[in-house]
Amino acid sequence: MKPATRLFIAALAAAAACGAHAQQQATFTVRSITPEAALKAAQAALQSCAKTGYQVAVAVNDRAGHPLVMLRDRLAGPHTPETAMNKAYTAVTFRIDTLAFMRVTQSGEAASGIRHLPRVVAIGGGVPIESAGALVGGIGVSGAPGGEADDVCARAGIAAIKDDLEF
(Lines give C-alpha, C1' and ligand atoms only; values in the text may rest on other atoms or scores of the structure.)
Protein backbone atom coordinates (compact mmCIF):
# COMPACT_ATOMS: atom_id res chain seq x y z
CA MET A 1 0.00 0.00 0.00
CA LYS A 2 1.31 3.42 -0.92
CA PRO A 3 2.22 5.83 1.91
CA ALA A 4 -0.30 8.42 0.66
CA THR A 5 -3.07 5.81 0.75
CA ARG A 6 -2.11 4.77 4.30
CA LEU A 7 -2.12 8.41 5.36
CA PHE A 8 -5.56 8.94 3.81
CA ILE A 9 -6.97 5.84 5.57
CA ALA A 10 -5.46 6.95 8.88
CA ALA A 11 -7.02 10.40 8.47
CA LEU A 12 -10.42 8.85 7.75
CA ALA A 13 -10.15 6.59 10.80
CA ALA A 14 -9.20 9.54 13.02
CA ALA A 15 -12.11 11.61 11.72
CA ALA A 16 -14.54 8.74 12.33
CA ALA A 17 -13.22 8.30 15.87
CA CYS A 18 -13.66 12.00 16.61
CA GLY A 19 -17.21 11.94 15.25
CA ALA A 20 -18.07 8.87 17.30
CA HIS A 21 -16.64 10.47 20.44
CA ALA A 22 -18.67 13.65 19.92
CA GLN A 23 -21.87 11.63 19.50
CA GLN A 24 -21.27 9.74 22.76
CA GLN A 25 -21.17 12.81 25.01
CA ALA A 26 -24.06 12.81 27.46
CA THR A 27 -24.12 16.54 28.22
CA PHE A 28 -23.55 19.86 26.52
CA THR A 29 -23.00 23.44 27.60
CA VAL A 30 -25.37 26.28 26.75
CA ARG A 31 -25.19 30.02 27.30
CA SER A 32 -28.00 32.03 28.86
CA ILE A 33 -28.48 35.63 29.90
CA THR A 34 -27.71 36.36 33.54
CA PRO A 35 -30.29 37.86 35.90
CA GLU A 36 -28.05 40.93 36.25
CA ALA A 37 -27.94 41.54 32.48
CA ALA A 38 -31.67 40.83 32.26
CA LEU A 39 -32.38 43.47 34.92
CA LYS A 40 -30.15 46.02 33.18
CA ALA A 41 -31.91 45.42 29.84
CA ALA A 42 -35.37 45.63 31.44
CA GLN A 43 -34.55 48.88 33.22
CA ALA A 44 -33.22 50.44 30.02
CA ALA A 45 -36.31 49.39 28.06
CA LEU A 46 -38.62 50.74 30.77
CA GLN A 47 -36.71 54.05 30.81
CA SER A 48 -36.79 54.28 27.01
CA CYS A 49 -40.56 53.97 26.98
CA ALA A 50 -40.97 56.35 29.93
CA LYS A 51 -39.00 59.04 28.07
CA THR A 52 -41.58 58.92 25.30
CA GLY A 53 -44.48 58.95 27.75
CA TYR A 54 -45.41 55.25 27.57
CA GLN A 55 -46.30 53.25 30.66
CA VAL A 56 -45.23 49.68 29.96
CA ALA A 57 -44.21 46.37 31.43
CA VAL A 58 -40.93 44.75 30.42
CA ALA A 59 -39.99 41.11 30.80
CA VAL A 60 -36.71 39.35 30.08
CA ASN A 61 -36.71 35.58 29.71
CA ASP A 62 -33.80 33.15 29.65
CA ARG A 63 -33.03 31.07 26.58
CA ALA A 64 -35.61 28.46 27.60
CA GLY A 65 -38.38 31.05 27.82
CA HIS A 66 -38.51 31.21 31.62
CA PRO A 67 -38.97 34.74 33.05
CA LEU A 68 -35.96 36.21 34.85
CA VAL A 69 -37.12 39.81 35.31
CA MET A 70 -40.41 41.63 35.00
CA LEU A 71 -40.72 45.38 35.61
CA ARG A 72 -43.94 47.35 35.34
CA ASP A 73 -44.50 51.08 35.32
CA ARG A 74 -46.96 51.90 38.10
CA LEU A 75 -49.44 53.22 35.51
CA ALA A 76 -49.13 50.35 33.01
CA GLY A 77 -52.27 48.34 32.38
CA PRO A 78 -52.91 45.15 34.32
CA HIS A 79 -52.56 43.01 31.17
CA THR A 80 -49.08 44.29 30.32
CA PRO A 81 -46.90 42.06 32.56
CA GLU A 82 -48.28 38.81 31.16
CA THR A 83 -48.22 40.14 27.61
CA ALA A 84 -44.59 41.26 27.97
CA MET A 85 -43.57 37.84 29.33
CA ASN A 86 -45.37 36.12 26.46
CA LYS A 87 -43.80 38.39 23.84
CA ALA A 88 -40.37 37.49 25.22
CA TYR A 89 -41.40 33.82 25.25
CA THR A 90 -42.54 34.00 21.62
CA ALA A 91 -39.30 35.68 20.54
CA VAL A 92 -37.23 33.02 22.29
CA THR A 93 -39.16 29.94 21.28
CA PHE A 94 -39.48 30.92 17.62
CA ARG A 95 -36.11 32.73 17.48
CA ILE A 96 -37.60 35.69 15.67
CA ASP A 97 -38.74 39.15 16.72
CA THR A 98 -42.49 39.35 17.16
CA LEU A 99 -42.95 42.04 14.47
CA ALA A 100 -41.56 39.61 11.90
CA PHE A 101 -43.48 36.75 13.55
CA MET A 102 -46.67 38.81 13.20
CA ARG A 103 -46.10 39.14 9.46
CA VAL A 104 -45.25 35.49 8.73
CA THR A 105 -48.18 34.14 10.77
CA GLN A 106 -50.91 36.50 9.60
CA SER A 107 -54.20 35.10 8.32
CA GLY A 108 -53.77 33.29 5.03
CA GLU A 109 -50.12 32.38 5.64
CA ALA A 110 -49.14 28.72 5.97
CA ALA A 111 -47.99 29.24 9.59
CA SER A 112 -51.05 31.23 10.71
CA GLY A 113 -52.32 28.45 12.96
CA ILE A 114 -49.26 28.67 15.18
CA ARG A 115 -50.72 31.83 16.70
CA HIS A 116 -53.21 29.65 18.59
CA LEU A 117 -50.57 27.95 20.73
CA PRO A 118 -50.55 28.91 24.43
CA ARG A 119 -48.42 31.95 25.33
CA VAL A 120 -47.77 32.90 21.70
CA VAL A 121 -48.19 36.63 21.03
CA ALA A 122 -48.02 37.88 17.45
CA ILE A 123 -47.67 41.60 18.23
CA GLY A 124 -44.45 43.61 18.03
CA GLY A 125 -42.38 44.13 21.16
CA GLY A 126 -40.64 40.77 21.61
CA VAL A 127 -37.01 40.48 20.52
CA PRO A 128 -34.55 37.58 20.87
CA ILE A 129 -31.28 38.37 22.64
CA GLU A 130 -28.15 36.84 21.10
CA SER A 131 -24.55 36.59 22.24
CA ALA A 132 -21.76 35.34 19.99
CA GLY A 133 -24.34 34.01 17.55
CA ALA A 134 -26.23 32.01 20.18
CA LEU A 135 -29.69 32.70 21.55
CA VAL A 136 -29.34 33.61 25.25
CA GLY A 137 -32.75 35.10 26.04
CA GLY A 138 -35.56 37.34 24.93
CA ILE A 139 -37.08 40.66 25.92
CA GLY A 140 -40.72 41.66 25.69
CA VAL A 141 -42.37 45.06 26.11
CA SER A 142 -46.10 45.71 26.35
CA GLY A 143 -48.11 48.87 26.85
CA ALA A 144 -46.89 51.41 24.31
CA PRO A 145 -49.36 52.40 21.60
CA GLY A 146 -48.67 49.70 19.02
CA GLY A 147 -46.20 46.90 18.62
CA GLU A 148 -43.72 49.07 16.74
CA ALA A 149 -43.30 51.37 19.76
CA ASP A 150 -42.91 48.36 22.07
CA ASP A 151 -40.25 47.00 19.69
CA VAL A 152 -38.26 50.26 19.86
CA CYS A 153 -38.18 50.08 23.66
CA ALA A 154 -37.21 46.38 23.63
CA ARG A 155 -34.31 47.12 21.30
CA ALA A 156 -33.20 49.96 23.60
CA GLY A 157 -33.01 47.39 26.37
CA ILE A 158 -30.78 45.13 24.28
CA ALA A 159 -28.63 48.11 23.27
CA ALA A 160 -27.97 48.81 26.96
CA ILE A 161 -26.32 45.40 27.40
CA LYS A 162 -24.70 45.18 23.96
CA ASP A 163 -21.20 45.68 25.33
CA ASP A 164 -21.81 42.99 27.97
CA LEU A 165 -22.80 40.45 25.31
CA GLU A 166 -20.19 38.76 23.14
CA PHE A 167 -20.81 39.33 19.44
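Is cysteine 153 buried or exposed? In this predicted model, cysteine 153 counts as buried, at 2% relative accessibility. The points below begin with the chain as a whole and then return to this cysteine and its surroundings.

1. Overall layout. The chain contains five helices and four strands, and when they are read along the sequence they follow the pattern α-α-β-β-α-α-β-β-α. The chain has 167 residues, of which 40% count as buried, and it exposes about 9,500 Å², with carbon and sulfur atoms supplying 58% of that area. Among the contacts with a separation of 6 or more, 64% are between residues 24 or more positions apart.

2. The disulfide. A search of the whole structure finds one disulfide, formed by cysteine 49 and cysteine 153, whose sulfur atoms are 2.0 Å apart. Because cysteine 49 lies in helix α2 and cysteine 153 in helix α5, the pair ties together parts that are 104 residues apart in sequence. The torsion about the S-S bond is about 115 degrees, so the disulfide is right-handed.

3. Helix α5. This helix has 14 residues and reaches 20 Å from its first C-alpha to its last, which is close to the 20 Å expected at 1.5 Å a residue.

4. Four salt bridges are found in a search of the whole structure, and in one of them the side chains of lysine 87 and aspartate 150 meet at 2.8 Å, N to O. This pair links distant parts of the chain, with lysine 87 in helix α3 (residues 80-94) and aspartate 150 in helix α5, 63 residues apart. Lysine 87 counts as buried because its relative accessibility is 1%, and aspartate 150 counts as buried because its value is 2%.

5. Aspartate 151 counts as buried at 8% relative accessibility, whereas arginine 155 is partly exposed, with a relative accessible area of 39%. Salt bridges that share partners join Asp97, Asp151 and Arg155 into one network.

6. Lysine 40 and aspartate 164 form another salt bridge through their side chains, at 3.0 Å, N to O. Here too the pair links distant parts of the chain, since lysine 40 is in helix α2 (residues 35-51) and aspartate 164 in the segment after α5 (147-160), 124 residues apart. Lysine 40 is partly exposed, with a relative accessible area of 38%, and aspartate 164 is partly exposed as well, with 48%.

7. Strand β4 and its neighbours. Eight of the nine residues of β4 are buried, so this strand is largely enclosed by the rest of the structure. Six bridges join strand β1 (residues 57-62) to β4, and the two run antiparallel; in this pairing the partner of asparagine 61 in β4 is glycine 138. Strand β3 is also joined to β4 by six bridges and also runs antiparallel to it, with valine 127 having isoleucine 139 as its bridge partner in β4. The hairpin of β3 and β4 has two residues between the strands, and in this hairpin alanine 132 takes a positive phi near 50 degrees.

8. Aspartate 73 is placed in the loop between β2 (67-72) and α3. Not counting residues up to four places away in sequence, aspartate 73 touches Leu46, Gln55 and Val56. The C-alpha atoms of aspartate 73 and glutamine 47 are separated by 9.5 Å, while the two residues are 26 residues apart along the chain.

Methods. Residues are numbered from 1 along each chain as its sequence is written. This is a predicted model: local features need pLDDT of at least 70, side-chain atom pairs count only at pLDDT 80 or more; totals for chains, interfaces and linings use all residues. Side-chain values use heavy atoms; hydrogens and water are left out. Buried means under 20% relative accessible area, exposed over 50%, partly exposed in between (1.4 Å probe, protein chains only). Contact means heavy atoms within 4.5 Å. Accessible areas come from the Shrake-Rupley method with a 1.4 Å probe; for residues, only the protein chains shown count as cover. The expected span of a helix is 1.5 Å times one less than its number of residues. Two strands pair if DSSP finds at least two bridges between them. A disulfide is a pair of cysteine sulfur atoms within 2.5 Å.
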